[in-house]
Each structure stands twice: as structure tokens, then as C-alpha cells.
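The sequence and the structure are shown below.

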Amino acid sequence: MTPIKLFMLMLGCTPPGRNTEQHDIYFTAARSIKDTVQEIKEFWPEAKGKIHIDAWREVNQVEQFSVEVISKDLAGDAVAEALEARLFFINLGGYRENEFDEFHYKMLVTASDKAAAIRLAKETAFYKHTGFDGAPSHIDDKFGVDVDDIYEIQEILPDKIKENYTIRLLPAESVQQDRIHLGYFKLDEL
């Protein structure tokens, strides 16, 4: 049987009353991307089913850690024995002079706490080079406005996932990058 995996999805739709496509990042755990369809629709009801995926990633490794989703029933002491590193999502925002847009860089980091995760985010080239006087780079959205508002991935998973599963980080045996799927993915064609 295929194990439960962590998925990071960039969802898109143009809700009624909006002039441009809107996006949100959604994390969940499932056996396959197809298994996420119903909960995606429930996550963004204003889309009235007219929602799609613009990017998705099965999260297997972040930095030097492998990422596992394990059942809380079976986890026992395994979670306590796992490393103290935790998995964070940070959405960086920044500007470029004379460009009518706010640019974003979405990242997953492993760190011991929120402050350490923010320090890592501020070391990225995006943070250092996207912004200027009057429009500095910043940590954006409710998942990273400031130190008080950054969340661990475990905290922003759907309730039914949090009740049954937990994320465990273990040292990776080798460094591998997860495949990022980009495009316009209709839910009914997954």
C-alpha cells in the first residue's frame, strides 16, 4: 500500500467578484494527489468547484531531512525520538522598482523554532535582493507576517489530518530535491 505523503499545493481560482486569479497554498497528507480533490473543494468553497492546482509537490525531503507522515496511533515514542527540527512554511514578499507587482518566494525550511526559521528566510537571495527604500522585502501572509504569526506545517494541516497523523523529520541519507509539478491541473483530470 502506498504510504501517506505530505503534499504542498498552490491552488488557483477566480472567485465571484474578483478581477484576477487568486492563489493560496494548501498543505495536506494523502496517498496520492488525486486523493486530495474533495478536501481542496472544501478548503475553498467560494470557488464553487472552479478551482485548479497551479503547482504541487510531494514533500519527501527538505534540506538535509527526510519528511515522513506517520499515524499518531502507530507513532508512540517515535515522534519524541525524532530530531528537534520542525518543518515551516514561509511566504516571502518583495518588490522591484517600476514593476506593478508584489513578488513572492514560497519556501519550506527546517528549524528548531520560529525565530530560527525566520533567520533562515532572511538569508535567502530573494529576501536580500527584492526590495528597495520604501518597499522592503518582508515575510508575508498569515503564515509569516512576523515572529508571532509563522506556523509549523503541522499546525496548518486540515483538522482531520492533524487528528490522525504527525510529521516526522529524520536525517536524510542523501540529498535529493522533490519534483515540483507546474502547470494548470484541473481537479477532475488528476
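## The second largest pocket

Strand S7 supplies five residues to the lining of the second largest pocket, the largest share. The model is a predicted one. The space in this pocket amounts to about 390 Å³. Its lining comprises 15 residues, and those closest to the pocket centre are Met8, Arg57, Lys106, Met107 and Ile180. Two or more lining residues come from each of strand S1 (5-13), strand S3 (52-59), strand S7 (103-111) and strand S10 (180-186).

## Overall composition of the chain

Seven helices and 10 strands are assigned in the chain. Of its 190 residues, 44% are buried. Among contacts with a separation of 6 or more, 67% are between residues 24 or more positions apart.

## Strand S6 and its pairing with S7

Strand S6 covers residues 86-94, and eight of its nine residues are buried. S6 runs antiparallel to S7, and nine bridges join the two strands.

The loop between S6 and S7 contains Tyr95 and Asn98. Tyr95 has a relative accessible area of 26% and is therefore partly exposed, the class between 20% and 50%. The C-alpha atoms of Tyr95 and Phe132 lie 7.3 Å apart, although 37 residues separate the two in sequence. Asn98, in turn, is exposed, with a relative accessibility of 82%.

## The three-strand sheet

Strands S4, S5 and S9 form an open sheet in the order S4-S5-S9, with antiparallel pairing. Strand S4 (61-62) and strand S9 (165-171) are the edge strands; each has a single partner, so one side of each lacks a neighbour in the sheet.

The pairing of S4 with strand S5 (residues 65-71) is antiparallel and rests on two bridges. Which residue in S5 is the bridge partner of Val62? That partner is Phe65.

## Thr28 in strand S2

Thr28 belongs to strand S2, which spans residues 22-30. Is this residue buried or exposed? Thr28 has a relative accessible area of 0%, so it falls under the 20% limit and counts as buried.

The side chain of Thr28 forms a polar contact of 2.4 Å with the side chain of Glu39. With residues up to four places away in sequence left out, Thr28 touches Lys5, Leu6, Phe7, Thr36, Glu39, Leu157, Pro158 and Ile161.

## Helix H4 and its N-terminal cap

Helix H4 consists of residues 114-122, and its buried residues include Ala116, Ala117, Ile118 and Ala121. The N-terminal end of H4 is capped by Asp113. In this cap, a side-chain oxygen of Asp113 lies 3.3 Å from the backbone nitrogen of Ala115.

## The loop between H1 and S3

Ala47 is located in the loop between helix H1 (37-43) and S3, and Lys48 lies in the loop between H1 and S3 as well. Ala47 is buried, at 6% relative accessibility, whereas Lys48 is exposed, with a relative accessible area of 64%. From Ala47 to Gly12, the C-alpha to C-alpha distance is 8.9 Å, across a sequence separation of 35 residues.

## Positive phi angles

Most residues other than glycine have a negative phi. Lys48, which is not a glycine, has a positive phi of about 50°. Asn98, also a residue other than glycine, has a positive phi near 65°. The Lys48 position is in the loop between H1 and S3, and the Asn98 position is in the loop between S6 and S7. Lys48 is exposed, and Asn98 likewise counts as exposed.

Technical notes
Residues numbered from 1 in each chain as written. Predicted model: local features only at pLDDT ≥ 70, side-chain atom pairs only at ≥ 80, totals over all residues. Heavy atoms only, no water. 1 Å grid on protein atoms, 1.4 Å probe; cavity = no way out; pocket = protein on both sides within 12 Å on 5 of 7 lines; lining within 4 Å. Points joined across faces, edges and corners; volume = space filled by probe spheres on them. Helix = DSSP H or I, 4+ residues; strand = E, 2+ residues; numbered from the N terminus. Buried < 20%, exposed > 50% of the residue type's maximum accessible area, 1.4 Å probe, protein only. Pairing = 2+ DSSP bridges. Polar contact = N/O pair within 3.5 Å; in protein donor to acceptor, adjacent residues only side chain to side chain. Contact = heavy atoms within 4.5 Å.
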